[in-house]
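Please keep the sequence and the structure open while reading.

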Amino acid sequence: DKLFSGFSKTRDNLAVIDELLLYWNLADTDRVLDELEEALLVSDFGPKITIKIVESLREDIVAGKLKSGSEIKEALKKNVLDLLTIEGKTELQLGYRKPAVVMIVGVNGGGKTTSLGKLAYRLKNEGAKVLMAAGDTFRAAAGDQLEIWAERTGCEIVMAEKEKAKAATVISQAVKRGKEQGYDIVLCDTSGRLHTNYSLMEELIACKKAAGKVMPGAPNEILQVLDGTTGLNMLPQAREFNEIVGITGLILTKLDGSARGGCVVSVVNELGIPVKFVGVGESVEDLQPFDAEAFVNAIFS
Ligand code: GDP
């Protein structure tokens, strides 16, 4: 499957220890763990998590708990799975009031609009009445791009009424319409130009407030889209968005390409935010709910 093929590079990196494990004996421990450390670092696990994993394995080997190469491999996989398993629901939490509001945030180019479109398709197939809000009012083409996704998925869309409309206004109008016309879910696109020259963060806070003013408790979810090919660079970005707007879940995109698998583990573990979906391509069906076990099986052969 696409996730599996997207992680072929990570899998190759990590496979270097397989042969060592095959002939492992206690005297080999340092050499195997050094190779593993190297492989984890190359795969973007980051130094903190790499050390955590390697030292935990070393401890268990020294304590005699792991007695063969295959036991070490299983312990390694279990370690990674545990690091990915954090508190917090991996399913969307949409509450019971209609419409539920989901805001999609992230820097430009990460796959926000595409992910919103794919999510709309998914939710619609599950029977939900979905409304889109073109909240990226800064980039003129962004609205048009979302409109294409609305057509593709057969969803209605609320666009800015005039040029340079405020994002919060569009979102407020969309949530109002969602409420009046019995929509189940309003999916809000937002702007993602980098915050250095203007306050994207202030705009996102305004969008969040605008949604909450129309629907108390909204947004139900604020999902941050992160580009899986950027590796550990996604960490400071994710941290900043989370500190300011409060992220409830992650969508990791482009995992079909040359994703560096370790950063998925890093971002989950360092931020304590669950991955809710992964993007594995550019078509409507290429958004999958995150499955930690499938992920572990895709990065270890
Ligand atoms: P935005 O600026 O954050 O809204 O990003 P877009 O949704 O416009 O996506 C940027 C580019 O990444 C587009 O060319 C998308 O087709 C592509 N893209 C988005 N998600 C994925 C994915 O999961 N896999 C691949 N291969 N490409 C993706």
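What follows covers the ligand and its shell, an annotated span, and some notes on backbone geometry. The model is predicted, and the values below are computed from its atoms or, where stated, taken from a record.

**The ligand and its shell**

- The ligand is surrounded by 17 residues, and the closest of these are G109, K112, T113, T114 and E282.
- Sorted by class, the shell around the ligand consists of nine polar residues, six charged residues and two nonpolar residues.
- Helix α6, which runs over residues 112–125, gives the most to this shell, contributing four residues.
- The space that the ligand takes up is the second largest pocket.

- From the side chain of Q145, a polar atom lies 2.9 Å from an oxygen atom of the ligand, while a polar side-chain atom of K118 lies 3.4 Å from an oxygen atom of the ligand.

**An annotated span**

- According to an unreviewed UniProt entry, residues 274–287 carry the annotation "domain: SRP54-type proteins GTP-binding".

**Backbone geometry**

- As background to the points below, most peptide bonds are trans, and most residues other than glycine have a negative phi.
- The peptide bond that joins K98 and P99 is cis, with an omega of about -5°, and P99 is found in the loop between helix α5 (69–84) and strand β1 (100–105).
- A cis peptide bond also leads from A218 to P219, where omega is near -5°, and P219 has its place in the loop between α9 (200–214) and β5 (221–227).
- Although D44 is not a glycine, its phi is positive, at about 70°, and this residue is placed in the loop between α3 (29–42) and α4 (47–62).

Terms used: Residues are numbered from 1 along each chain as its sequence is written. This is a predicted model: local features need pLDDT of at least 70, side-chain atom pairs count only at pLDDT 80 or more; totals for chains, interfaces and linings use all residues. Side-chain values use heavy atoms; hydrogens and water are left out. A residue is near a molecule or strand if one of its heavy atoms lies within 4 Å of it. A polar contact is a pair of N or O atoms within 3.5 Å; within protein, one must be able to donate a hydrogen and the other to accept it, and residues adjacent in sequence count only if both atoms are side-chain atoms. On a 1 Å grid over the protein atoms alone, a cavity is a set of points where a 1.4 Å probe fits but cannot get out, and a pocket is an open set with protein on both sides within 12 Å along at least five of seven lines; lining residues have an atom within 4 Å of a point. A molecule sits in a cavity or pocket if more than half of its atoms lie within 2 Å of its grid points. Helices (H or I, at least four residues) and strands (E, at least two) are DSSP runs, numbered from the N terminus. Ala, Val, Leu, Ile, Met, Phe, Trp, Tyr, Cys and Pro count as nonpolar, Asp, Glu, Lys and Arg as charged, and the others, Gly among them, as polar. UniProt positions are given in the numbering used here, feature names are shortened, and annotations may be inferred rather than shown by experiment.
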